[in-house]
Amino acid sequence: MDTDRKLIDPERVAAAVDGLGDRAVIDEWARRFSVVADPSRLALLVCIHYAREISVTDLAAATGMTDTAVSQALRLLRAHGLVTPQRTGRVVRYRLADATVHELIHRVRPHAANDREHR
């Protein structure tokens, strides 16, 4: 905390500083949010969330993207720890790897009231 400044409400400043916590965590989430900010990648995450696990080809069909574009986006999402692959024989399916992203998807695209099994 910058003690050279005249503070209006030091308790609120202290609470804000405590809330920030480790700046490395803030930096990591800022990078993750920048990855999720792309509409195509966000669409992939939403599709993966609803499908629970889904292949590149099926994601391409669901989003109207090419297999190559989906693969490239998944590579980035995987590098940021947002999705994880699961191989079954020759088929690789992707699923969400992060509980926080799962919760964010509920904010972006909430489930219908009668669709409780995904929650």
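V108 is placed in helix 6, where helices (H or I, at least four residues) and strands (E, at least two) are DSSP runs numbered from the N terminus. The model is predicted: local features need pLDDT of at least 70, side-chain atom pairs count only at pLDDT 80 or more, and totals for chains, interfaces and linings use all residues. Residues are numbered from 1 along each chain as its sequence is written, and side-chain values use heavy atoms, with hydrogens and water left out.

**Overall architecture**
- The protein chain contains six helices and three strands, in the sequence order α-α-α-β-α-α-β-β-α.
- The protein chain exposes about 8,100 Å², with 52% supplied by carbon and sulfur atoms; areas come from the Shrake-Rupley method with a 1.4 Å probe.
- Among contacts (heavy atoms within 4.5 Å) with a separation of 6 or more in the protein chain, 50% join residues 24 or more positions apart.

**Helix 3 with helix 6**
- The axes of helix 3 (residues 39-51) and helix 6 come within 10 Å and cross at roughly 100 degrees; axes are lines fitted to C-alpha atoms over the stretch in contact, and angles run from 0 to 180 degrees between N-to-C directions.
- Helix 3 is therefore roughly perpendicular to helix 6, a class that covers 65 to 115 degrees (under 35 is roughly parallel, over 145 roughly antiparallel, the rest oblique).
- L42, L45, V46 and H49 of helix 3 meet V101, H102, I105, H106 and V108 of helix 6.
- This contact of helix 3 with helix 6 comprises six nonpolar, three polar and no charged residues; Ala, Val, Leu, Ile, Met, Phe, Trp, Tyr, Cys and Pro count as nonpolar, Asp, Glu, Lys and Arg as charged, and the others, Gly among them, as polar.

**Residues of helix 6**
- V108 is partly exposed, at 47% relative accessibility.
- The C-alpha atoms of V108 and V46 are 8.4 Å apart in space, and the two residues are 62 apart in sequence.
- H106 also belongs to helix 6 (residues 99-108) and is buried, at 14% relative accessibility.

**Helix 4 with helix 5**
- Helix 4 (residues 56-63) packs against helix 5 (residues 67-79) at about 110 degrees, with the axes 9 Å apart, so the two helices are roughly perpendicular.
- V56, T57, L59, A60 and T63 of helix 4 meet D67, V70, S71 and L74 of helix 5.
- The residues in this contact of helix 4 with helix 5 are five nonpolar, three polar and one charged.

Notes. Buried < 20%, exposed > 50% of the residue type's maximum accessible area, 1.4 Å probe, protein only.
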